[in-house]
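This report describes a structure and takes its parts in turn. Please look at the sequence and the model before reading on.

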Amino acid sequence: MFEKKIEENLFQLLVQIADDKLILGHRLSEWCGHAPILEEDIALANIALDNIGQANSLYQIAVKLENKNRSEDELAFFRDEREFRNIQIVELPKGDFAFTIVRQFLYDNFSFLLFQKFCDSNFIELSDVSKKIVKEISYNLRHSKEWILRLGIGTEESKFNTQKAIDKIWEFTNEMFEFGNVENFLIEKNIIPNLDTIKTDWELSVKKIFDNTNLQIPNISYFASGGRNGFHTEYLGYLLAEMQIVARSNPNVKW
Amino acid sequence: MINEELELQKFEQKIANGEKIEPKDWMPEKYRKQLIRMIAQHAHSEIVGMLPEGNWITRAPSLRRKMVLLAKVQDEGGHGLYLYSAAETLGADRKDLIEALLNGKMKYSNIFNYPTLSWADIGIIGWLVDGAAIVNQTMLAKCSYGPYSRAMIRICKEENFHKRQGYENVSVLAQGNAKQKQMVQDALNRWWWQTLMMFGPHDENSTNTVDLMRWKIKLETNDSLRQRFINLTIPQAYAIGLTIPDNDLKYNEKTQNWEIGKINFDELYNVINGNGPCNRIRIAERKKSYEEGNWVRIAAENYALKNKNNYGTK
């Protein structure tokens with residue numbers, strides 16, 4: 001198939017994106033039974049399920065490429081903080097409903113654009129799975145976009161809470177457009193898209209909805225970075241401790 | 001008054017003929033009230049039941065198990081939604097019903113007032129609790145009220161999946177290593193009697209049964225449903241090497257029934273009266289989410305209103 005170097009880089013890339021999905025799915029799943037209305041209990045659980053399912057599919061492709069007899073569960077449950085490659089925005093605690101929706105909206109927009117491009121990847125396994133994933137993300141995006149409108153336009157209080165969430169999250173948005181050290185190499189081979197073009201499209205679509213609701217993009221100069229290289233917030237360790245406890249307390253068994 | 005008696009006659013004739021009662025049909029007030037009580041209690045059970053199971057979503061030991069559990073808990077939410085809608089066909093309002101749950105005026109299944117203490121509890125709940133629910137709901141699918149009956153048919157299909165997944169989960173643990181075996185037997189020990197109590201008190205102490213059966217809201221008694229569940233479940237436990245925590249359990253060749261020991265109904269009444277291990281915690285948790293979500297619900301209502309007005313002016 002591909003030469004070794006490409007396979008190694010692809011493995012890295014798949015793990016990065018799968019980690020985003022798994023960790024975000026985890027945060028979303030924390031809402032189950034605690035949402036403001038029953039419809040959202042169902043919707044957020046459903047979106048969590050989509051994300052974890054996507055992580056699962058991407059890990060499966062990754063371990064096949066790696067060819068070291070590792071399973072997708074080993075990637076999820078037996079790596080430590082420093083080995084996780086997700087961006088930091090997905091590991092932040094779920095916060096209030098506004099925080100969850102804002103994060104989801106910003107991430108869904110990015111994820112939608114990314115997977116649209118992945119559909120044209122030269123790496124067939126990735127383009128095949130992306131065709132299915134991009135459909136799911138389009139539903140997720142519709143959900144988060146509609147909530148941004150409801151919260152942004154609904155009441156003064158909801159608008160205030162939403163703006164507060166945007167102000168808090170914004171410094172974590174830039175990381176979406178980083179692929180660590182695999183980036184250039186795979187772009188040249190038409191396996192992954194250039195993230196600069198995605199960034200431009202992302203800014204446009206986010207701005208359009210924010211403008212409709214009079215929500216402001218904060219003017220800040222500091223942006224978080226490093227998740228793709230295993231540099232995380234302190235929140236991730238606790239998340240993994242919870243996620244991995246059962247699997248690790250009784251390893252090498254069938255569940 | 002004569003009219004009322006005539007309507008009642010027609011209503012009872014319809015039920016006797018096996019026809020369904022639909023939302024717009026005439027029905028006695030008592031029938032309507034009993035149904036609202038039952039359907040709402042059922043809906044509340046679905047959404048309170050999301051908590052003990054949801055408790056293990058973030059800790060499920062494999063990706064597959066995590067997805068299965070998430071899908072299951074999401075299904076329970078869907079059942080809740082579906083059932084609240086069924087209650088609304090009788091003139092009830094979802095918001096009122098939820099508030100009645102939160103201020104303790106309405107009940108939910110007592111089974112959810114017990115804590116889920118290990119991963120094995122998730123398998124056991126799927127197998128036993130959903131299994132018991134299926135026995136009950138298969139009967140309710142034949143009940144006289146159309147919307148409830150149809151809701152049950154649909155819900156039963158999903159519960160069957162849950163039960164199968166639960167039993168499969170339990171089987172894997174029962175065939176696993178010593179730690180897993182111990183974990184699943186412990187879970188069975190904690191949930192067995194509680195599941196049997198899901199069917200309610202013995203028939204002679206069941207105050208609601210007579211009325212409910214006359215109008216075919218209920219078609220079988222608590223004890224007969226419980227017996228069916230026991231007969232179904234015990235061979236399944238033995239098949240995977242689990243021990244039923246009942247020293248008096250024996251098989252009666254003549255009746256072909258498994259006969260169980262004495263159920264400690266004092267415990268059930270204790271939980272019904274609000275003193276189970278998780279009663280206060282469950283309601284406090286739901287209340288907290290409901291209160292924290294208040295501003296979200298208001299925003300959504302306001303937005304819908306603004307949107308509607310916009311359409312009006314365009």
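## Overall make-up of chain A

In this predicted model, chain A has 9 helices and 0 strands. Read from the N terminus, the order of elements in chain A is α-α-α-α-α-α-α-α-α. The radius of gyration of chain A is 18 Å, close to the 18 Å that the globule rule gives for 255 residues, so chain A is as compact as a globular protein of that length.

The C-alpha trace of chain A spans about 55 × 45 × 35 Å along its principal axes. Of the 255 residues in chain A, 50% are buried. Among the contacts in chain A with a separation of 6 or more, 77% are between residues 24 or more positions apart.

## The contact between chains A and B

Chain A gives 41 residues to the contact, and chain B gives 38 residues. On the side of chain A that touches chain B, the elements that give two or more residues are helix H1 (4-29), helix H2 (38-66), helix H3 (72-77), helix H5 (124-153), helix H6 (156-169) and helix H9 (235-249) of chain A. The largest share of this side comes from H2(A), with 10 residues.

What kinds of residue make up the side of chain A that touches chain B? The residues of that side divide into 21 nonpolar, 12 polar and 8 charged.

## Two residues in the loop between H1 and H2

A:Cys32 is placed in the loop between H1 and H2 of chain A. Leaving aside neighbours within four places in sequence, A:Cys32 is in contact with A:Asp41, A:Leu44 and A:Ala45 of chain A, and with B:Met50, B:Gly54, B:Ile57 and B:Val73 of chain B. A:Cys32 and A:Phe11 are 21 residues apart along the chain, and their C-alpha atoms are separated by 32 Å.

A:Gly33 also lies in the loop between H1 and H2 of chain A. This residue counts as buried because A:Gly33 has 25 C-beta neighbours inside 10 Å. Not counting residues up to four places away in sequence, A:Gly33 touches A:Asp41 in chain A, and B:Met50, B:Leu51 and B:Gly54 in chain B. From C-alpha to C-alpha, A:Gly33 and A:Val246 are 22 Å apart in space, and they are 213 residues apart in sequence.

## Helix H6 of chain A

H6(A) has 14 residues. From its first C-alpha to its last, H6(A) reaches 20 Å, close to the 20 Å expected at 1.5 Å a residue. Which residues of H6(A) are buried? They are A:Ser158, A:Asn161, A:Thr162, A:Gln163, A:Ala165 and A:Ile166.

## A pair of helices in chain B

In chain B, the axes of helix H6 (residues 146-174) and helix H7 (residues 178-197) come within 7 Å and cross at roughly 135°. That angle makes H6(B) oblique to H7(B).

H6(B) makes the contact through B:Val170, B:Leu173 and B:Ala174, and H7(B) through B:Gln180, B:Lys181, B:Met183 and B:Val184. The residues of this contact divide into 5 nonpolar, 1 polar and 1 charged.

Technical notes
Residues are numbered from 1 along each chain as its sequence is written. Chains are lettered from A and ligands numbered from 1 in the order in which they are written. This is a predicted model: local features need pLDDT of at least 70, side-chain atom pairs count only at pLDDT 80 or more; totals for chains, interfaces and linings use all residues. Two residues are in contact if their C-beta atoms, placed from the backbone, lie within 7 Å. Helices (H or I, at least four residues) and strands (E, at least two) are DSSP runs, numbered from the N terminus. Ala, Val, Leu, Ile, Met, Phe, Trp, Tyr, Cys and Pro count as nonpolar, Asp, Glu, Lys and Arg as charged, and the others, Gly among them, as polar. The radius of gyration is taken over C-alpha atoms; the globule rule is 2.2 Å times the number of residues to the power 0.38. A residue is buried if 20 or more other C-beta atoms lie within 10 Å of its own, exposed if 12 or fewer, and partly exposed in between; C-beta atoms are placed from the backbone. The expected span of a helix is 1.5 Å times one less than its number of residues. Axes are lines fitted to C-alpha atoms, for helices over the stretch in contact, and angles run from 0 to 180 degrees between N-to-C directions. Angles under 35 degrees count as roughly parallel, over 145 as roughly antiparallel, 65 to 115 as roughly perpendicular and the rest as oblique.
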